[in-house]
Amino acid sequence: YSAEWRDEAARRGLLNMKATPDALSTFLSPKNEQLFTSLGVLSRDEMAARYTVSHAEYCHKISIEAKVLVNMAMNLVVPAATEYQSQIAAALIATKAAAAAAAAPAATASSTNAQQQLLSTITAAVNKVIADTEALTKAMDEADGISDVVKAARFHLEKTIPVMESIRQSADALESVVPAKAWPLPTYHEMLFHQD
């Protein structure tokens, strides 16, 4: 929502929960319970069951998204990025070898700075994706061990989702430097502007 609408909602006394677990936490409020029970829509037990099921559904969806992200990161993003990383590294080695043969190493050092920086950027992003994927796998394992679905939902919100967002940021950075023909997924540009 726009900032204006958030201000208007606050003025009207409307809640603006930005995360599903936060929104779900309001379901069992006394006001809601009174409304549902007085109209015969849901009993207290039915409300409690719906509350639990909604949290379980949220946890299940986050778990699926996290598993898909791990798969995409390790089987698509990292291989494409490391392939391009290898190409840049080989080009750097070849350029430096050619300069050494031509007895111009000083000129080569300054002329390969941009390539070296590109290689460093790719390497850092690949390392971050791999490290975050490992952290995400650990977070999913830890979440699986939480039997209380309300606590599991909160764990996903505070631990799992931030790691997923970090992976996405690193993957987005890689997408911006890996050539489109080598990128295994549809790019933002393709999705937004090449819709045949």
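Which backbone oxygen does the side chain of threonine 133 reach?

## Threonine 133 up close

The side chain of threonine 133 reaches the backbone oxygen of valine 129, at 2.6 Å. This comes from a predicted model. Threonine 133 sits in helix α6, which covers residues 113-144.

Is threonine 133 buried or exposed? Its relative accessibility is 4%. Buried means under 20%, so threonine 133 counts as buried. Leaving aside residues up to four places away in sequence, threonine 133 touches Val70, Ala73, Met74 and Ile167.

## Helix α6 against helix α7

Two packed helices are described by the angle between their axes and the distance between the axes. Take α6 and helix α7 (residues 149-175). Their axes come within 9 Å and cross at roughly 160°. Angles over 145 degrees count as roughly antiparallel, so α6 is roughly antiparallel to α7. The crossing of α6 past α7 is left-handed.

Which residues of α6 and α7 make the contact? On α6 they are Ile122, Ala125, Val126, Lys128, Val129, Asp132, Thr133, Ala135, Leu136, Ala139, Glu142 and Ala143. On α7 they are Ala152, Phe155, His156, Thr160, Val163, Met164, Ser166, Ile167, Ser170, Ala171 and Leu174. By class, the contact of α6 with α7 has 15 nonpolar, five polar and three charged residues. Thr133 is part of this contact, and Ile167 of α7 is also on its side of the list.

## Helix α4 against helix α6

Helix α6 also packs with helix α4, which covers residues 44-101. The angle is about 155°, and the axes lie 9 Å apart. That angle makes α4 roughly antiparallel to α6. The crossing of α4 and α6 is left-handed.

What classes of residue make up the contact of α4 with α6? There are 20 nonpolar, nine polar and two charged residues.

## Leucine 35, elsewhere in the chain

Now turn to leucine 35. This residue is in helix α3, residues 30-38.

How many Å separate the C-alpha atoms of leucine 35 and asparagine 127? The separation is 52 Å. Along the chain, leucine 35 and asparagine 127 are 92 residues apart.

Technical notes: Residues are numbered from 1 along each chain as its sequence is written. This is a predicted model: local features need pLDDT of at least 70, side-chain atom pairs count only at pLDDT 80 or more; totals for chains, interfaces and linings use all residues. Side-chain values use heavy atoms; hydrogens and water are left out. Helices (H or I, at least four residues) and strands (E, at least two) are DSSP runs, numbered from the N terminus. Buried means under 20% relative accessible area, exposed over 50%, partly exposed in between (1.4 Å probe, protein chains only). A polar contact is a pair of N or O atoms within 3.5 Å; within protein, one must be able to donate a hydrogen and the other to accept it, and residues adjacent in sequence count only if both atoms are side-chain atoms. Contact means heavy atoms within 4.5 Å. Axes are lines fitted to C-alpha atoms, for helices over the stretch in contact, and angles run from 0 to 180 degrees between N-to-C directions. Angles under 35 degrees count as roughly parallel, over 145 as roughly antiparallel, 65 to 115 as roughly perpendicular and the rest as oblique. A crossing is left-handed if the near helix is turned anticlockwise from the far one by less than a right angle, and right-handed if clockwise. Ala, Val, Leu, Ile, Met, Phe, Trp, Tyr, Cys and Pro count as nonpolar, Asp, Glu, Lys and Arg as charged, and the others, Gly among them, as polar.
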